[in-house]
Amino acid sequence: MDCFCGRDAVYFLQYARRHLCPEHFIEMFDRRFRRAVRKFRMIKKNDLVAVGLSGGKDSTVLLHSLVQLQKDLPFELVAITIDEGIKDYREKTIEVAKRECEKLGIRHRTYSFRDASGKTLDEIIDKGEELPCSHCGVMRRYLLNKAAREAKADKLAIGHNLDDLAQTILMNIMRKEPSRLARINEPLVNDPQFVRRIKPMMLIPEKEVAAYAMLKGIEMEHLECPYANTALRQDVRRLLNQMEEKHPGTKFKIAASFFEIEDALQQKYGKNVEIRRCVQCGEPAAKDRCMYCRKIRELTKPES
Ligand code: SF4
């Protein structure tokens with residue numbers, strides 16, 4: 001099939017019934033990326049943006065797209081990698097992250113679960129009683145925010161794509177956590193200790209991120225985290241992919257529905273939010289102790 005320009009197409013946008021050649025696919029991707037940055041006022045002139053860089057395809061494409069955006073908008077970049085300590089997985093993606101930063105001339109820092117808590121994720125969940133992703137998520141969010149703040153970053157960019165966004169929306173509904181749903185895109189309250197998270201690829205499907213990486217020759221690691229299958233997210237991901245196959249455009253519609261009701265959710269759940277300081281570590285917290293201190297410090301306490 002041909003692209004509208006007459007050249008051979010390499011990608012079919014099923015939801016839009018359009019075939020695109022490499023040049024027009026890349027052009028469409030870059031346009032969507034920039035539109036999201038503009039529409040949600042993600043980056044302003046002279047910002048310092050910290051990129052959460054795992055070395056996987058999403059964060060690596062994010063880094064490249066931000067570097068490209070710097071040509072038109074002057075802002076600075078720094079990359080932060082979190083090493084959870086997942087054997088035969090994370091060490092390989094960290095190598096990609098390091099190489100990409102060297103290639104692009106971006107400052108890069110790595111923070112590890114082991115340095116922060118004394119244990120790797122593998123060790124934390126060794127007893128088999130703990131759910132890897134819930135602990136990993138708490139710890140990663142905590143460390144990324146701290147690292148971005150230490151770097152004096154104005155924003156923290158995350159490589160979430162449309163699939164991640166649609167999964168998160170659905171998971172929060174399935175878990176009956178509407179207040180979490182309300183803060184998917186914007187925090188309910190601003191706190192100077194939280195670095196604002198931005199997701200410039202949240203309206204780009206995961207498959208298109210992978211296709212873009214291939215067409216641009218961006219190095220990426222295809223490994224999947226060995227714990228990924230234990231997560232609810234994986235089931236939701238399969239379900240959404242099946243729906244998308246049968247009903248193209250489903251993921252976009254889920255995201256669009258969320259943005260329609262986002263303001264109402266923010267108003268409802270943002271009213272009585274109080275941010276305290278964790279009595280143990282001083283980080284922002286909803287209760288006396290933050291999630292990190294309640295969950296992770298307990299698990300990583302040396303045995304007496
Ligand atoms: Fe962490 Fe789960 Fe992601 Fe693996 S799949 S990196 S354990 S959140």
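Met202 sits in the loop between β7 and α9. In this predicted model, Met202 has a relative accessible area of 1%. That is under 20%, so Met202 counts as buried. Its contacts come from several parts of the chain. Setting aside neighbours within four places in sequence, Met202 touches Phe40, Met42, His160, Asn161, Leu162, Leu165, Asn185 and Phe259. Asp164 is 38 residues away from Met202 in sequence, yet the two C-alpha atoms are 7.5 Å apart in space.

Five strands make up an open sheet, and their order is β5-β4-β3-β6-β7. The pairing is parallel. At the edges are β5 (107–112) and β7 (196–198), each of which pairs on one side only. From one strand to the next, the twist averages 30°. Strands of a sheet pair through backbone hydrogen bonds. Take β4, residues 76–83, as an example: six bridges join β4 to β5, and the two run parallel. Within this pair, Asp83 stands opposite Ser112 of β5.

Helices pack on this sheet. Helix α2, residues 57–69, touches β3 (48–52), β4 and β6 (155–157). The direction of α2 makes about 160° with that of β3. Helix α6 lies across β3, β4, β5, β6 and β7. Relative to β4, α6 runs at about 145°.

What surrounds the ligand? The residues are Leu121, Cys133, Cys136, Arg140, Cys225, Tyr227 and Ala228. Helix α6 (residues 132–150) gives the most to this shell, with three residues. By class, the shell has six nonpolar residues, no polar ones and one charged residue. Arg140 is the charged one, because Arg counts as charged while Leu, Cys, Tyr and Ala count as nonpolar.

Now turn to the charged side chains. Side chains of opposite charge can pair when their charged atoms come close. The structure holds 24 salt bridges. One of them links Asp47 and Lys44, with N to O at 3.6 Å. Asp47 is buried, with a relative accessible area of 3%. Lys44 is at 54% relative accessibility, which is over 50%, so Lys44 counts as exposed.

The side chains of Lys57 and Asp58 meet in a salt bridge, at 3.4 Å from N to O. Both residues are buried: Lys57 has a relative accessible area of 18%, and Asp58 is at 16%. Lys57 also forms a salt bridge with Glu206, where the closest N and O atoms are 2.9 Å apart. Why does this pair tie together parts that are 149 residues apart in sequence? Because Glu206 lies in helix α9 (residues 206–216), whereas Lys57 lies in helix α2. Glu206 is buried as well, at 15% relative accessibility. The links go further. Salt bridges with shared partners join Lys57, Asp58, Glu206, Glu224 and Arg237 into one network.

Notes
Residues are numbered from 1 along each chain as its sequence is written. This is a predicted model: local features need pLDDT of at least 70, side-chain atom pairs count only at pLDDT 80 or more; totals for chains, interfaces and linings use all residues. Side-chain values use heavy atoms; hydrogens and water are left out. A residue is near a molecule or strand if one of its heavy atoms lies within 4 Å of it. Helices (H or I, at least four residues) and strands (E, at least two) are DSSP runs, numbered from the N terminus. Two strands pair if DSSP finds at least two bridges between them. Axes are lines fitted to C-alpha atoms, for helices over the stretch in contact, and angles run from 0 to 180 degrees between N-to-C directions. Contact means heavy atoms within 4.5 Å. A salt bridge is a side-chain nitrogen of Lys or Arg within 4 Å of a carboxyl oxygen of Asp or Glu. Buried means under 20% relative accessible area, exposed over 50%, partly exposed in between (1.4 Å probe, protein chains only).
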